Amino acid sequence: MRNILIIDDEINICTLLSKFLTKHGFAVETTMTGTAALKMMKEKPFDLVLCDYRLKDTDGAQLLQDIRQISPNTIVIIITGYTDVRVAVEMVKNGAYDYLSKPLYPDEILNLVHKAFAHKEAEQERLASQPVESTDESIARETLLQRNQQEKSDKYVYGQSANSLELIRQIKLVAPTDYSVIIFGETGTGKESVAHLIHYHSKRNDQPFVALDCGSLSKELAASELFGHEKGSFTGAINTKIGAFEQAQGGTLFLDEISNLSYDIQVALLRVLQEKVIRKVGSLKEVPVDVRIIVASNEKLSESVQKGKFREDLFHRINEFTIYIPPLRERQEDLSLFIEAFVKQVERELDKNCGKISSEVWECFRQYSWPGNIRELKNVIRRACLLTPEREDITMAALPLEMKESFAQPQEEMPLPSDLAILTNENDLKSVALQAEYNKIVNVLKEVKYNKTKAAQLLNIDRKTLYNKLRLLNINY
């Protein structure tokens, strides 16, 4: 007897479908929530799932993904309203067998269920008739698992510079814990990628990873996006919405640009982190949540606290571990690794051979300051590969205008010591020492092509001390 699971938050539909399908020889179970459905599927195998796209605690797209992880062979049919047909079609592309539009007709459901099982049987017969590559199924299964893990790992480029190695070390140290993490770095340095890596190496990696850009949220929508809302709780709330915390249940919630949240939302967020419960907008019911928090900002949250933009108590609550991502200009040793990885990725996207990078372009890349960091580099590579004919070398003609202009301009000369106000008295011992220090820093900067990290290493000082001396000595670069 075939086992069927029905997931719908309308009890009438569950009852109707259960009676109808049971009458036609199927073993049927029902549930009204996605969470309960996943628990049931872990305890018992189901041959087919009939799932409503809109549920109170999740949506069909997320549930489809979770079902495929738990039971890849289970057939999934989506039940959808008229307005969600486009979404349902997209879900079929992502692995659902088919979809049904409301209102539901019993005969149509029965025909589709029989058709789905017939299709599965035909597919199994086809696979059985093919020669078996390995007689040991456990080895084949292990190989597939390793391949999937490798595909996940290949999504990331691991640098080899000292800064990158330290970054990776910190990620692997904090990942297995449940510490809240603050990721700090300039725009485009890959903060969300680091958050993904922390989740990937954590004990929660088989649970959802949910990312939310706080910078794009208005004050009115932030509470709904984070905590969800009940139907009719405010104008425009035509359906119940599941917030980011519930979507990330058991997994990781990544809040990008968290400093953009309003004061009121920061208060609510602090309470959620302390009490581990949420309350949807328009609801009096508290829902327990188990979520790891990772936040990101392109400015130091400690400075935002000092400016009064960010609550100090919330900062201390989430500041269990901080990871700093150095900008690309301070990881010049990794430049070739990133470029090679992005070229390969674009070659797969465009299905073409992008050719080699000319020596002039390499020199331009090395001299460029990369204000947009890794994101800018990736976009430059995508543009260059698209503009360059297949198998031809990538030349300066394929680079953006701002890069070509920057490369064409001669390097600005450093101001002479005599131009500095602080070096006016040649007989003053302090002035003489400052002048010697100035000359040494300028010469080292020129030697390393103005790479501040390398300059600090050669001068045997840390980067922060070097920055302070650059400001003190009025050295512009």
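**Close-up views of a predicted model**

**View 1. Ser259 sits in the loop between S8 and H11.** The model is predicted: local features need pLDDT of at least 70, side-chain atom pairs count only at pLDDT 80 or more, and totals for chains, interfaces and linings use all residues. Residues are numbered from 1 along each chain as its sequence is written, and side-chain values use heavy atoms, with hydrogens and water left out. Helices (H or I, at least four residues) and strands (E, at least two) are DSSP runs, numbered from the N terminus. Ser259 is buried at 11% relative accessibility. Buried means under 20% relative accessible area, exposed over 50%, and partly exposed in between (1.4 Å probe, protein chains only). Leaving aside residues up to four places away in sequence, Ser259 touches Gln266, Ser297, Glu299, Leu301, Ser304, Lys309 and Phe310. Contact means heavy atoms within 4.5 Å.

**View 2. Glu257 has a positive phi, near 50 degrees, and is not a glycine.** Glu257 lies in the loop between strand S8 (252-256) and helix H11 (263-275). Its relative accessible area is 14%, so Glu257 is buried.

**View 3. Lys276, also not a glycine, has a positive phi of about 60 degrees.** The loop between H11 and strand S9 (277-279) holds Lys276. Lys276 is partly exposed, at a relative accessible area of 47%.

**View 4. Helix H2 (residues 34-43) meets helix H3 (residues 60-70).** Their axes come within 10 Å and cross at roughly 10 degrees. H2 is therefore roughly parallel to H3. Axes are lines fitted to C-alpha atoms, for helices over the stretch in contact; angles run from 0 to 180 degrees between N-to-C directions. Angles under 35 degrees count as roughly parallel, over 145 as roughly antiparallel, 65 to 115 as roughly perpendicular, and the rest as oblique. From H2, Gly34, Leu38, Met41 and Lys42 meet Leu63, Asp66, Ile67 and Ile70 of H3. These residues divide into five nonpolar, one polar and two charged. Ala, Val, Leu, Ile, Met, Phe, Trp, Tyr, Cys and Pro count as nonpolar; Asp, Glu, Lys and Arg as charged; the others, Gly among them, as polar.

**View 5. Helix H14 (residues 335-350) packs on helix H16 (residues 373-387) at about 45 degrees.** The axes are 9 Å apart. That angle makes H14 oblique to H16. On the H14 side, the contact includes Phe338, Phe342 and Glu349. On the H16 side, Leu377, Lys378 and Arg382 are among the residues involved. By class, the contact has 12 nonpolar, one polar and three charged residues.
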